[in-house]
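Subject: Structure handover

Hello,

Here is the structure I said I would pass on. Please look through it first; my notes on what was found follow below.

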There are 2 protein chains.
Amino acid sequence: MTENPKFDQLKRLLAEVDDLRKASTVLFWDMRVKMPPSGSDARAEANATVARLMHEKFVSKEIGDLLEALDENDYDYDSLEACLLRVTKRDYEKLVHVPPELTGEMRRAGAIAVAAWGPAKERSDFQALLPHLEKNLELRRRYVDCFDPADETYDVLLDDYEPLMKTAEVRAIFDELKEELVPLIKEIADAGEVDSSFLTGDFDPDAQREFSLKLVHRLGFTDDEWRLDTTEHPFMCTPGEHDIRITTNFRPHDLQSVFGSMHEFGHGVYEWGVAPELHRTPLGTGVSLAVHESQSRTWENLVGRSRAFWRYWYPHLQESFPQFASVDEEAFYRAANKVHPSLIRIDADEVTYNMHIILRFELEQELIEGRVDPKDLPQEWNAKMDHYLGIEVPDDAHGVLQDVHWAGGSIGYFPTYALGNVISVQIWDRMKEDVADIDKLLERGEVDEIREWLRTNLYVLGRKYTPQETIERVTGSRIDSGPYVRYLREKLAPQPA
Amino acid sequence: MTENPKFDQLKRLLAEVDDLRKASTVLFWDMRVKMPPSGSDARAEANATVARLMHEKFVSKEIGDLLEALDENDYDYDSLEACLLRVTKRDYEKLVHVPPELTGEMRRAGAIAVAAWGPAKERSDFQALLPHLEKNLELRRRYVDCFDPADETYDVLLDDYEPLMKTAEVRAIFDELKEELVPLIKEIADAGEVDSSFLTGDFDPDAQREFSLKLVHRLGFTDDEWRLDTTEHPFMCTPGEHDIRITTNFRPHDLQSVFGSMHEFGHGVYEWGVAPELHRTPLGTGVSLAVHESQSRTWENLVGRSRAFWRYWYPHLQESFPQFASVDEEAFYRAANKVHPSLIRIDADEVTYNMHIILRFELEQELIEGRVDPKDLPQEWNAKMDHYLGIEVPDDAHGVLQDVHWAGGSIGYFPTYALGNVISVQIWDRMKEDVADIDKLLERGEVDEIREWLRTNLYVLGRKYTPQETIERVTGSRIDSGPYVRYLREKLAPQPA
């Protein structure tokens, strides 16, 4: 309970901004999941207006004056008051440089481009998306110009997704990953191919949906608070507290949806676990996209691709998909963890996944710095796929058009995916010091202790601290690629004969 | 093309208000159709904030000054400019009396009450809804107090749904209906019961959905611009131009969904047909709820319960539901038009339907004037059901809890349903002067000419004129119960032996 009426007034105004954020999230979710295609123009306008108003409300003089009048140093560092003031002041200082009209324009252009992306990908027609990408890029350049020059142009964009992190820091981590993973990929390739033929075939989408639902229910999904829907490109969003929505693509010829559902569950459960006292404030969400991704990758990979997990779940999978009757558990486990260069990021194994991200991270910098022209993206993409993974891209649908992010206007988002991989293992290793015998739990299909540890140590914090502070509070160390690389080697490197 | 920059500025500001209206509509649709139940509190806040902002934006000084500076008499009466100024000024003059906070509070209370209504109806627990009804009523009283005293308190509420119509005018029409319909209901009852036993049974909801979709597609529904979803209480809404959404309840033991789908299609096609030049302005929607209802009832009843319509569709229905193999077309037609007092308004036949409305119209006046206490609603309801329809209400789920409207805070809405019936036949009769051999068209399953006549004569007008002007432009006369009563008699009165 606070007794400062100015603080209460600030919270009231910020709650209103958060209501608009929720409205905006519903508009976005609906656009991606339910809206009839012809609704896209009107939706782009509605999106733009709500985004602009949210921006205007947040940088209002009223909020500015209250932030100036309130001093975080009057409160205990860990208190809601101090955290709220620190984070809100930083958000305010940043957003106040940007004209609300530009926010609206970026939202409008993104919505229109996302509507164009679906059909463009379906027809593998890069030219159809190109003008939208050019528009997005032009708007991002105008956005960058709102701020004082940074060390690198890309820093400005990265900061929206990974606050306070610099491009150079990311590059250093990615250089470490490259150095370790390129030889690891070669070692694995040299050891001969794992049979994963049984992971391709006919998998009834309804049965996939049923199995995925059974699985996420066991992880913590409830019908009261969650939804699972179908989309081309899976995502998670929260249109309200206690209203967590994940989506998956139940493709008829593989089982990626099972891992995709766990991935999105990981995003959802992070939001679900934020402390209620942070609701309707700027602190009431995940601290950064890298930390967010650490949780989606935790549930998808550290839990969902572990041997112990499938000890419990494989018989259920066999029940849902009779074609596995003749495949033993170990063969399935090895196939589900097969390391093999492939075209599609979201289907990639745990090792090569990072190369997909490094490719995008490099291209994004080249785009925003003008070193690559958007019209040359397909060639550049394909050249990098050959360079990093040694594979040929047959068409743009399986290349530069595969992700929705650039259409949505997100540049600077991708690197958080690989950073999330790195962080996930740091957190997991720390958890193992507190939660005994994780494998035994997973073998019994039990995850409550795991979820509860993550909730009370990480999820509850929301955005109270900076991402780096958050990682340090949870793990005791700064972001570090060491544990992740060790984990990959231990799990996936060929065993000496 | 207009050359007045002030008018352009006004249109820009009104477009922004319309974007918020769309956002609000998506929040509403999602809440009713998709939202997980625990999301309701956060949604109520988001709803309230968006409604309040929309209100604030609309009654802003900027819009007020522009409305003062612009004179509708400078433009041709029928021009977009003159119509927009007339309608917007009237809306503004009304809304400027209401504090935006009250708008927000009404929206919040309505959203919370709608969430409570579902479970309350399911358990037939009136007490669970009572505090919400009391809250809604208190807020409506505060709303009424914002305005100068009207002839009758109810006038203020009615005007929100049926602009410029007075309670006394509605009462006069309803008195005419009572005078004609009470004896008609008796005549029909005396003539003996029609067999409709085959309309109750097992009707696979998926088959109902498929049939309803086939049907509305033929009427004008397209997958590009429309959606059909499932809800407990059917409705239509438009979250954007070219984004028309209808809902139906596919109950497993009857075929009401077929008529319900046509009903909501009628609402949708009216919005669909509004002239594009009116989009993103206050004129870009149906003119009043009575005229709206005239169109839902046109497609549900004048088209959808006609003999000619089923001449084409009955074989298709028999194909979808094999139990009709032994029922001949005439027997089905008579059953689908059976006049018989029943408990549920939305399932009622064309004649007794109006008595359900008159009951609600009377109760609403008694509630708002304080002559009936909300806690006594169940008894009052049941007494009127006995008085008007001679039937006993077994429980509140089949009585006072059946409709969502009062939970949503809508008081003054119901009478527009019966007014819609009256208007529908006036318009239909006028159309018959222009469209030759309507029955022949329907017998071939063709409705394009009908839809096109309604579109070009009514739908395109949107809110350019007052409801009364609109009705007169389309039909040549004021609202008049005569044609409707003649239609009912002709179609449904017992034939002399």
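**A buried threonine in chain B**

T88(B) is buried, its relative accessible area being 0%. Please keep in mind throughout that this is a predicted model. The residue T88(B) belongs to helix α4 of chain B, which covers residues 80–95. Its side chain comes to 2.5 Å from the backbone oxygen of L84(B). Which residues does T88(B) contact, once neighbours within four places in sequence are left aside? They are L14(B), F58(B), L67(B) and P282(B).

**The interface between the chains**

Chain A and chain B bury about 2,800 Å² between them, and carbon and sulfur atoms account for 59% of that area. On the side of chain A, the residues that lose the most area to chain B are K34(A), P36(A) and S38(A), which together make up 17% of what that side buries. The contact draws on 37 residues from chain A and 37 residues from chain B.

Which elements of chain A give two or more residues to the side that touches chain B? They are the helices α1 (5–33) and α2 (40–58), and the strands β1 (226–230), β2 (236–240) and β3 (243–248). Of the elements in chain A, α2(A) gives the most to this side, with 10 residues. Sorted by class, the side of chain A that touches chain B holds 18 charged, 14 nonpolar and five polar residues.

**The nonpolar core**

In soluble globular proteins, nonpolar side chains tend to be buried together. Here, the largest nonpolar core has 329 residues. The residues with the most contacts inside this core are F324(A) and F324(B). Not counting residues up to four places away in sequence, F324(B) touches F198(B), L199(B), F203(B), L255(B), Y314(B), L317(B), Q318(B) and F332(B).

**Salt bridges within the chains**

Over all chains, a search of the whole structure finds 105 salt bridges.

- In chain A, E72(A) and K89(A) form a salt bridge, with the closest N and O atoms 2.8 Å apart. The pair links distant parts of the chain, 17 residues apart: E72(A) is in the loop between α3 (61–69) and α4 (80–95), and K89(A) is in helix α4 of chain A. K89(A) is partly exposed, at a relative accessible area of 22%.
- In chain B, E152(B) forms a salt bridge with R171(B), where the closest N and O atoms are 2.6 Å apart. E152(B) lies in the loop between α6 (126–144) and α7 (153–161) of chain B and R171(B) in helix α8 (residues 167–190), so the bridge ties together parts that are 19 residues apart in sequence. E152(B) counts as buried with a relative accessible area of 19%, whereas R171(B) is partly exposed at 30%.
- Also in chain B, the side chains of E329(B) and R311(B) meet in a salt bridge at 2.9 Å, N to O. Because E329(B) is in helix α13 (residues 329–336) and R311(B) in helix α12 (residues 307–320) of chain B, this pair ties together parts that are 18 residues apart in sequence. Both ends are partly exposed: E329(B) has a relative accessibility of 21% and R311(B) has 43%.

Salt bridges that share partners also join K178(B), E362(B), E366(B), E369(B), R371(B) and K384(B) into one network.

**A buried phenylalanine in a loop**

Where in chain B is F414(B) placed? F414(B) sits in the loop between α16 (405–408) and α17 (415–434). Is F414(B) buried or exposed? F414(B) is buried, with a relative accessible area of 2%.

Leaving aside neighbours within four places in sequence, F414(B) is in contact with R345(B), I357(B), R360(B), E364(B), D403(B), H405(B) and W406(B). One of these, E364(B), is 50 residues from F414(B) along the chain, and the C-alpha atoms of the two are separated by 8.9 Å.

Regards

Methods. Residues numbered from 1 in each chain as written. Chains lettered and ligands numbered in written order. Predicted model: local features only at pLDDT ≥ 70, side-chain atom pairs only at ≥ 80, totals over all residues. Heavy atoms only, no water. Contact = heavy atoms within 4.5 Å. Buried area = accessible area lost by both parts, 1.4 Å probe. Helix = DSSP H or I, 4+ residues; strand = E, 2+ residues; numbered from the N terminus. Nonpolar A, V, L, I, M, F, W, Y, C, P; charged D, E, K, R; others polar. Buried < 20%, exposed > 50% of the residue type's maximum accessible area, 1.4 Å probe, protein only. Polar contact = N/O pair within 3.5 Å; in protein donor to acceptor, adjacent residues only side chain to side chain. Core = buried A, V, L, I, M, F, W, Y, C linked by side-chain atoms within 4.5 Å. Salt bridge = Lys/Arg side-chain N within 4 Å of Asp/Glu carboxyl O.
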